Amino acid sequence: MTKRIVVKNVEISTKEFNKISYISLTDIAKLKNLDNPADVINKWMTNKDSFDFYCLWEELFNPGFNLAESREIKVKDIGYNFFTI
């Protein structure tokens, strides 16, 4: 089931799948940049704090997650212009 909420005049899609609710990250990013929300998401994804969040999420929910490699990436790459996910 898809629902929509309006935040600061921007329509944000929500969807329920297997009794879990999901919110559109692209729609949320439109609050910062209506014309190019992908740019907002790209900047967010290359942020050190966001990377820490991804790693924690993977540690909690992915039994095959390579923690040692994620730490190496964090030390060597994050914060440089060439880092992308």
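**View 1. Lys 15 and its bridge partner Tyr 22 in β3 of the predicted model.** Strand β2 covers residues 10–17 and pairs with β3 in the antiparallel sense over 4 bridges; two strands pair if DSSP finds at least two bridges between them. Glu 16 has Ser 21 in β3 as its bridge partner. The β2 and β3 hairpin has 2 residues between the strands, and Asn 18 in the turn has a positive phi of about 50°. Strands (E, at least two residues) and helices (H or I, at least four) are DSSP runs numbered from the N terminus.

**View 2. The hairpin of β1 and β2.** These strands pair in the antiparallel sense over 6 bridges. Val 7 stands opposite Val 10 in β2. There are 2 residues between β1 and β2, and Lys 8 in the turn has a positive phi of about 50°.

**View 3. The open sheet of 3 strands, in the order β1-β2-β3.** Pairing in the sheet is antiparallel. The edge strands, β1 (2–7) and β3 (20–23), each pair on one side only.

**View 4. Trp 44 in helix α2 (residues 37–45).** Trp 44 counts as partly exposed because its relative accessibility is 38%, and partly exposed lies between buried (under 20% relative accessible area) and exposed (over 50%), with a 1.4 Å probe and protein chains only.

**Notes.** Residues are numbered from 1 along each chain as its sequence is written, and side-chain values use heavy atoms, without hydrogens and water. In this predicted model, local features need pLDDT of at least 70 and side-chain atom pairs count only at pLDDT 80 or more, while totals for chains, interfaces and linings use all residues.
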